[in-house]
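Hi there,

Here is the structure I promised to pass along.

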Amino acid sequence: MAALRRQWPLVSVLAGIVLAMVFVALDRFRVGSVLLAISVLAAFFLRLALSDSRAGLLAVRRRSIDLVVLGVLGLGLAVLSVWVPPQQ
């Protein structure tokens, strides 16, 4: 349990991703994709705010590379999630 507590940034991001996938599975694609984008952007801001030791497993590579990858992915998902036309 202590290891899980140390990895709270990753656990919180993964919880958001699981919630997003539940919404997608329930045929709420737009809500799920927006939640997925929010989760990835949350990972971006957590990686930005926390030190390498406190970020835990969110720190995969150098901070700059992690931030670029998470930022581009999060913004891309956000744009695509609002760009897709709603279901009829």
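**What turned up**

The protein chain has five helices and zero strands (DSSP runs, H or I of at least four residues for helices and E of at least two for strands, numbered from the N terminus). Please keep in mind that this is a predicted model, where local features need pLDDT of at least 70, side-chain atom pairs count only at pLDDT 80 or more, and totals for chains, interfaces and linings use all residues. Residues are numbered from 1 along each chain as its sequence is written, and side-chain values use heavy atoms, with hydrogens and water left out.

Of the 88 residues in the chain, 27% are buried (under 20% relative accessible area, with exposed over 50% and partly exposed in between; 1.4 Å probe, protein chains only).

Helix H3 covers residues 29–49 and spans 30 Å from its first C-alpha to its last, close to the 30 Å expected at 1.5 Å a residue (1.5 Å times one less than its number of residues). Its buried residues include Leu 36, Val 40 and Phe 44, and the buried residues of H3 pack against helix H2 (8–25), helix H4 (52–55) and H5 (contact means heavy atoms within 4.5 Å).

Val 84 sits in the segment after helix H5 (63–83) and is partly exposed, at 32%.

Best wishes
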